[in-house]
Structures are given as structure tokens and as C-alpha cells.
Amino acid sequence: MSATARRALLLGACALPAVGRPARAWRPGGPLRLVVPFAAGGGNDTVMRALADAAEPALGQEIVIQNKPGRAGMAAIAALATAPPDGRLLAQLPAAALRTALLEHLPFEIPNDITPLLGVAGAAFGAIAKAGRFPDGWAGFLSEAREKPGVLSYGSSGVNSNGHLTMARLLLRERVQAVHVPFRGALHGARALAAGDVDVMAGPVRIGTLVDDGEAAWLHVWSAQRLPRWPTAPTLRELGYRLTVTAPFGIIAPPRLPDPIAEALRDAFRAGMRDEAFRAALDRNDMTEDYREGAAYGAFLAESARMEEMLIGRLGLQP
């Protein structure tokens with residue numbers, strides 16, 4: 001074979017696609033931004049920072065946490081709908097954001113306006129009363145509430161919070177009336193309970209510090225099983241309610257995110273969820289893993305949005 005022929009054969013071989021050669025995984029060209037719609041230093045922030053730190057090595061880039069609590073956080077999440085689908089902007093999506101979007105008629109729809117990456121975890125919730133206030137627990141609260149309609153009170157960490165809505169659902173089912181007292185946060189409400197200003201406080205299980213100190217007792221917890229930290233606290237299911245309430249959250253990206261980018265991000269965060277520091281952060285903040293991936297997470301969000309819409313109508317909620 002002549003030299004000219006050999007060169008032609010070599011050039012032709014180089015032009016052919018590489019059969020069986022794995023495609024190089026996507027890598028971001030710069031730092032990623034991850035919007036956390038909670039204040040710095042709280043449980044959600046702590047857990048998300050631990051996850052971001054654990055996921056960075058797989059991506060080869062820094063993941064910068066941007067805290068945007070309150071309405072700013074909801075606006076940032078909604079802004080994903082028009083953000084470039086390049087994998088550089090992500091957001092934590094708490095389930096409560098679905099309720100807020102519906103109540104405030106924000107231009108943000110699930111799942112059309114996002115790319116669901118993965119579900120991460122959920123926080124435990126429950127309700128406490130001052131120690132000795134209701135010796136018979138939840139049954140004692142209901143009995144007194146029936147005798148004194150509209151006299152007993154329950155606190156929550158805000159209007160339309162998980163604590164508020166779950167207690168409202170329970171009272172509606174039991175056909176009893178109690179006054180809702182919203183606080184600026186769960187710990188504010190816990191202090192009010194300790195002072196005797198409310199009869200019950202409902203919210204994330206960090207209010208259980210009062211139980212640990214002997215100042216309060218659990219009426220019930222809202223997890224599927226009893227919590228190892230408080231093994232004597234009954235679940236709602238044990239009390240006869242077919243109800244489990246957590247605050248699940250996950251990570252989302254702008255819509256129309258290309259599959260290679262989505263897969264690379266899922267792989268990185270999946271690896272991060274196996275990290276010991278991340279799992280320790282979950283334990284410290286009384287959270288449990290709630291992993292869902294891709295389409296399964298998208299289906300979960302769509303069903304959650306449908307249930308929130310039904311709850312808004314049933315309870316007549318307002319923004």
C-alpha cells in the first residue's frame with residue numbers, strides 16, 4: 001500500500017465515530033449557585049451546605065449557597081422557570097413552596113417550570129403541650145376542647161405552615177374548635193408554650209427540646225414511625241389518623257435541562273448523600289432521607305401540588 005493510501009485510510013478512521021467509547025461526563029465551567037430559601041444557620045441551611053460540600057468533588061467546582069429566606073426565596077425559585085438550562089443555577093425546593101405558589105398565584109407550575117433532579121430528605125414534625133397540662137395526651141386535649149369550644153389555643157410557626165394546616169385538619173376531622181396563634185418561628189412558639197400563653201405548640205421537632213428539659217410532653221409526632229429520640233411519643237397513625245406529615249425537600253433546576261447535565265448533577269448529589277458528614281447533619285437536625293430521582297421525584301411533586309390545591313380549597317386558605 002502506498003504512503004498516500006495509508007494516509008487516506010488513517011484519516012478516514014479518525015473521522016469515524018468512536019464506537020463503545022463512553023461519553024465524557026458533563027462538568028460545569030464555573031461555580032454553581034444553589035438557592036436555599038431559608039436563613040443561614042438553620043436546619044435546612046446546615047443540611048444543604050453539608051450536601052453541597054459533599055457533592056463538589058464529583059463536579060470539580062464549588063457549589064455556592066445563596067440564602068434567600070421568605071418571599072425572596074419563593075421569587076428565586078420561581079425565577080428558575082426562565083433561567084438558562086446550563087446547570088449553573090439550582091434551588092432547594094421545600095414542599096411548602098408549592099402551597100405558597102398556589103396561594104399567591106405565582107407564575108410557577110409543577111412540573112412544567114422545572115427539571116426535577118432528586119428528592120433529598122424530610123423533617124419530622126409533631127405537637128407538644130406543657131408537662132402535666134393534658135394527662136391523657138391528645139385525647140385529653142380533644143375532650144377539653146369539646147367542653148370549651150374556641151377557648152383552647154394552638155401555636156404554629158406561621159399562617160399556612162405545616163403545623164397550622166395539620167392541626168387544622170385534625171380539628172376539622174374531630175369537629176372541635178381551637179384558636180390558632182401564629183408565631184414568627186417554632187422556637188418563639190415553644191417559649192410561649194413554656195410561659196403558658198398557648199395550650200399546644202405544633203411544628204418541627206426541634207420544639208422537642210422542651211420535652212428533653214421536662215417542660216413539655218409530646219401529644220403526637222407526625223412521622224410514619226416513632227422517633228428514636230422520643231420512643232414514647234405516639235404517631236398520628238397510632239392515634240387513628242391515616243396521616244403522615246413531613247417537610248420533604250429536594251433539588252430542582254431550570255426546565256429543559258439537557259439529560260447529560262441532569263445526570264451529572266444527580267450523580268454528584270447522590271454521591272453527596274452517602275457522605276458521612278451529610279448523614280450526620282441529617283441526624284443532628286432530626287431529618288430522614290427521602291430520596292427520589294428524576295421522573296419519580298417529578299411525579300411526587302405533581303401529586304403534592306394536586307393535594308395542596310385540594311387542601312387549600314377544603315380549608316379555605318388565604319395568602
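I take buried to mean under 20% relative accessible area, exposed over 50% and partly exposed in between, with a 1.4 Å probe and protein chains only. I take helices (H or I, at least four residues) and strands (E, at least two) as DSSP runs, numbered from the N terminus.

**Entry 1: ground rules**

The model is predicted: local features need pLDDT of at least 70, side-chain atom pairs count only at pLDDT 80 or more, and totals for chains, interfaces and linings use all residues. Residues are numbered from 1 along each chain as its sequence is written, and side-chain values use heavy atoms, with hydrogens and water left out.

**Entry 2: helix α5**

I started with α5, residues 137-147. Its buried residues are Gly 137, Trp 138, Gly 140, Phe 141, Leu 142, Glu 144 and Ala 145. Contact here means heavy atoms within 4.5 Å.

**Entry 3: the chain overall**

I counted 11 helices and 11 strands in the chain. The C-alpha trace spans about 105 × 40 × 30 Å along its principal axes. Of the 319 residues, 49% are buried.

I call two strands paired if DSSP finds at least two bridges between them. Five strands form an open sheet with mixed pairing, in the order β7-β6-β8-β5-β9. At the edges I find β7 (179-182) and β9 (216-221), each pairing on one side only. Neighbouring strands are turned by 30° against each other on average, direction ignored. For such angles, axes are lines fitted to C-alpha atoms, for helices over the stretch in contact; angles run from 0 to 180 degrees between N-to-C directions.

I went through the pairs next.
- β6 (residues 153-156) runs parallel to β7, and four bridges join them. Ser 153 stands opposite Val 179 in β7.
- β5 runs antiparallel to β8, with five bridges between them. Phe 125 faces Pro 204 in β8 as its opposite residue.
- β5 also pairs with β9, in the antiparallel sense and over five bridges. Here Gly 126 stands opposite Val 221 in β9.

How covered is β5? Mostly: five of its six residues are buried.

Which helix lies across this sheet's strands? I find α6 (residues 162-174) across β5 (125-130), β6, β7, β8 (200-204) and β9. α6 runs at about 150° to β6.

**Entry 4: the six-stranded sheet**

I traced another open sheet, of six strands, in the order β2-β1-β3-β10-β4-β11. Its pairing is mixed. β2 (63-67) and β11 (287-293) stand at the edges with a single partner strand each, so one side of each is left without a neighbour in the sheet. The twist averages 25° from one strand to the next.

I checked one pair inside the order. β3 (residues 89-94) and β10 (residues 249-253) pair in the antiparallel sense over four bridges. Ala 91 stands opposite Ile 252 in β10. Helix α2 packs on this sheet and touches β1 (32-36), β2, β3, β4 (115-123), β10 and β11. The direction of α2 makes about 160° with that of β2. Helix α10 (residues 276-284) lies across β4 and β11, at about 125° to β11.

**Entry 5: α2 against α9**

I followed α2 (residues 43-59) to its packing with α9 (residues 259-273). The angle is about 130°, and the axes are 7 Å apart. That makes α2 oblique to α9. The scale: under 35 degrees is roughly parallel, over 145 roughly antiparallel, 65 to 115 roughly perpendicular, and the rest oblique.

Left-handed or right-handed? The crossing of α2 and α9 is right-handed. A crossing is right-handed if the near helix is turned clockwise from the far one by less than a right angle, and left-handed if anticlockwise.

From α2, the contact uses Leu 51, Ala 54, Ala 55, Ala 58 and Leu 59. From α9 come Ala 264, Leu 265, Ala 268, Phe 269, Gly 272 and Met 273. By class I get 10 nonpolar, one polar and no charged residues. Nonpolar covers Ala, Val, Leu, Ile, Met, Phe, Trp, Tyr, Cys and Pro; charged covers Asp, Glu, Lys and Arg; the others, Gly among them, are polar.

**Entry 6: Leu 187**

Last, I looked up Leu 187, in helix α7 (residues 186-194). Leu 187 is partly exposed, with a relative accessible area of 41%. Leu 187 and Gly 208 are 21 residues apart in sequence. In space they are 10.0 Å apart, C-alpha to C-alpha.
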